[in-house]
Amino acid sequence: MKCKATNVPPAGEVDIPALREKYRQEREIRVRPEGQKQYVRPDDDGNDAYEIDPHTPVQARAPISEDLDVAVLGGGWSGLLAGVELKKAGVKNFRNIDHAGDFGGVWYWNRYPGIQCDNDAYCYLPMLEEMGYMPSKKYTDGYDIYDYMRSIADRFDLYEKALFHTLVSTMKWDDRLNRWRIKTNRGDEIRARFVVMANGLLNIPKLPAIPGIHDFKGKMFHTARWDYEYTGGEYRNPELSKLADKTVAIIGTGATAIQAIPYLGRYAKQVYVLQRTPSTVDERKNVPTDPEWANSLKPGWQQERKANFQRAAIDTFAPGDEDNICDIWTEVNRNLVAEFEQEGWPTSPEQFMEKRELMDYRVMERLRARVEALVEDKATAESLKPWYRFLCKRPCSNDDYYSTFNRPNVTLVDVSKTRGVEEMTEKGFIAQGQEYEIDCMIFASGFEVTSDLDRRWGIDAIEGRDGLSLYEHWADGYQTLHGMMSHGFPNQFYVGFYQGGFNATTTETFSRQSHHIAYIINAALERGLTSVEPSKSAQDAWIQHIRETAIDISQFQRECTPSYFNNEGEAQLDSKGEEKFRWYLGESYGPGWDAFQSLMQDWRDKGDLEGMVVGTD
Ligand code: NDP
């Protein structure tokens, strides 16, 4: 092993029934009957402040009217990688279209202080070998990711045709032209043969619908639109000097807040952290890249590392496997292997699952003990302890988070008993009957992840053949072939989490999907096909296969504390009347990532676009 097992309590010391009961109680106090509806989009009340780009001035330009081979909707990781794969496949006549002023997606919009990627940068940043780039440390800063993305766009000449500050308003399939007619907020009329929907997952900020939110007279902003004018400092040097005389409150303690709160603690006069559910926060150990290690790497190292991360975080290790990632994401499997090597490997999947569940509780016990060791005030430490299974929420790591609560100017306000912040007033907020006066409220309240698609995509109409609305077509669940195309929507492709394989490294998922999509588009263009679309029977067969082989995680989701991982604990009944929770990763392929990739490779190798109905007129 490259790293050791962590020091978790022995199995015999963990009282699972008692912990299960505690987890249940903690979940109960947080579930809200209105589920997703507890949130509003910032523009729900006509407030268009979030439509304004604070980072790049909007350039005037004439509307475009054109025929195009491919329109790629999005310039975040999925759109960028779609562009790269199209270029590599030999497709030239395409554009990325994005709301933002540049490539970058979440890494464009999110510029809050302390922003970093929580995943191993040697996995997360794609094409490191091809680009000849090595991250400077294990967890990269947001601005380095943004710069890297722009360098990829540059290398693959994606800027030349990209349309920024452009929002697609409608897209309709024209059966006569065999093209998508796309209209935008800039007056463009684009007739694209193919469209790639790379709209992203974390693009629409959400706000809690707190009574009185509009009465507050002070400053408010969401972390995805950090206002450095107000706080002082700047993106690449976040010295928030203007907060020295300000009382600031922040709502949320998720992955974003964990990174920003230490900066608020350092600079603001007074900080109130309004917490409903605590995150799990492990040590970060953000070590600089060791040049000796970097020089020793052999070609193909990055794919090997990603495969190792996939086994460590999602699948399982086999005897003799090493954990090369060595962080919070890989701890459960790393610890299991260490014990199996000593005590013998499980003899059945059931035994393995039992041990894995037990390790989950043991790791969480370790993380709770960590809070106690680092936070001086006992009541605060108690409130900061997470009571749920390890993967119910995104695990975090940060070396300054807990110690921030030892500062005299930082106060944790536990709002779990009221299922969130009770009320806002002209001057501040109310918690347990007490009014707190503040100058500024910062919303680290996340993004619309599992809400209805039309809210998240923001395109007024997406109409396929015969005016069929994609939103209506998918209202009761995704209907796709391989998660990338849908019957009734010719020449339309999806990059993201729908009905296919997913990799622990998000960018790897996008990259491989893009490769497959680019293959189909290029094949269609080379063969003179004007339309490609999965047949209904091929699509039905895929849906049946993915559902029959799915791993049922509904019990786990049912018991999890609410979050976007389980649609805020809001279940939907499936056709058999069983409770199902919208999973933010869509319907994942049960047999796993490698099996899905083999399936896609075999499909491409056959070369006959199996299961597709094609048109040539
Ligand atoms: P999250 O959705 O993870 O967190 C939102 C926070 O707001 C939660 O703590 C939530 O509490 C809280 N909240 C919501 N409503 C209320 C309310 N009414 N009262 C009090 N608190 C409330 O959003 P983040 O922006 O933190 O993270 C979103 C995602 O962005 C991450 O999960 C991750 O995928 C990504 N991200 C990735 C990073 C990376 O390293 N790659 C870094 C940062 C973010 P509760 O939990 O109780 O609902």
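Two strands are said to pair if DSSP finds at least two bridges between them. With that definition in hand, the reader may follow the strands and helices of this predicted model.

Strand β4, residues 168-174, and strand β5, residues 179-184, run antiparallel and are joined by 6 bridges. Within this pair, Asp174 stands opposite Arg179 of β5. The two strands form a hairpin, with 4 residues between them. In the turn of this hairpin, Asn178 has a positive phi of about 55 degrees. Strand β5 is also joined by 4 bridges to strand β6, residues 189-197, and these two strands run antiparallel as well. Here Arg181 has Arg191 in β6 as its bridge partner. A hairpin is likewise formed by β5 and β6, again with 4 residues between the strands. Its turn contains Gly187, whose phi is positive, at about 80 degrees.

Attention may now pass to an open sheet of 5 strands, in which the order is β8-β17-β9-β10-β13 and the pairing is parallel. Which strands stand at the edges of this sheet? They are β8 (219-222) and β13 (410-414); each has a single partner strand, so one side of each is left without a neighbour in the sheet. From one strand to the next, the twist averages 20 degrees.

Helix α8 lies across β9, β10, β13 and β17 (440-443), and runs at about 170 degrees to β9. The helix comprises residues 255-267 and bends by about 30 degrees at Ile261. A proline, Pro262, follows within four residues of the bend. Several residues of α8 are buried, among them Thr256, Ala260, Ile261, Pro262 and Leu264.

A second open sheet has 3 strands in the order β14-β15-β16, with antiparallel pairing. Its edges are β14 (423-424) and β16 (434-437); because each has a single partner strand, one side of each is left without a neighbour in the sheet. Strand β15, residues 428-431, is joined to β16 by 4 bridges, and the two run antiparallel. In this pair, Ile430 stands opposite Glu435 of β16.

Two helix pairs complete the tour. The axes of helix α2, residues 77-89, and helix α17, residues 506-526, come within 8 Å and cross at roughly 40 degrees. The two helices are therefore oblique to each other, and their crossing is right-handed. The residues of α2 that take part in the contact include Trp77, Leu81, Glu85 and Ala89, while those of α17 include Phe510, Ser514, Ala518 and Ile521.

The contact is made by Ile16, Leu19, Arg20 and Tyr23 of α1, together with Glu357, Leu358, Tyr361, Met364, Glu365 and Arg368 of α12. The crossing of α1 and α12 is left-handed, whereas that of α2 and α17 is right-handed.

Definitions and conventions. Residues numbered from 1 in each chain as written. Predicted model: local features only at pLDDT ≥ 70, side-chain atom pairs only at ≥ 80, totals over all residues. Heavy atoms only, no water. Bend = angle between axes of the 7 residues up to and from the residue. Buried < 20%, exposed > 50% of the residue type's maximum accessible area, 1.4 Å probe, protein only. Axes fitted to C-alpha atoms, helices over the stretch in contact; angles between N-to-C directions. Parallel < 35°, antiparallel > 145°, perpendicular 65-115°, else oblique. Left-handed = near helix turned anticlockwise from the far one by under 90°. Contact = heavy atoms within 4.5 Å.
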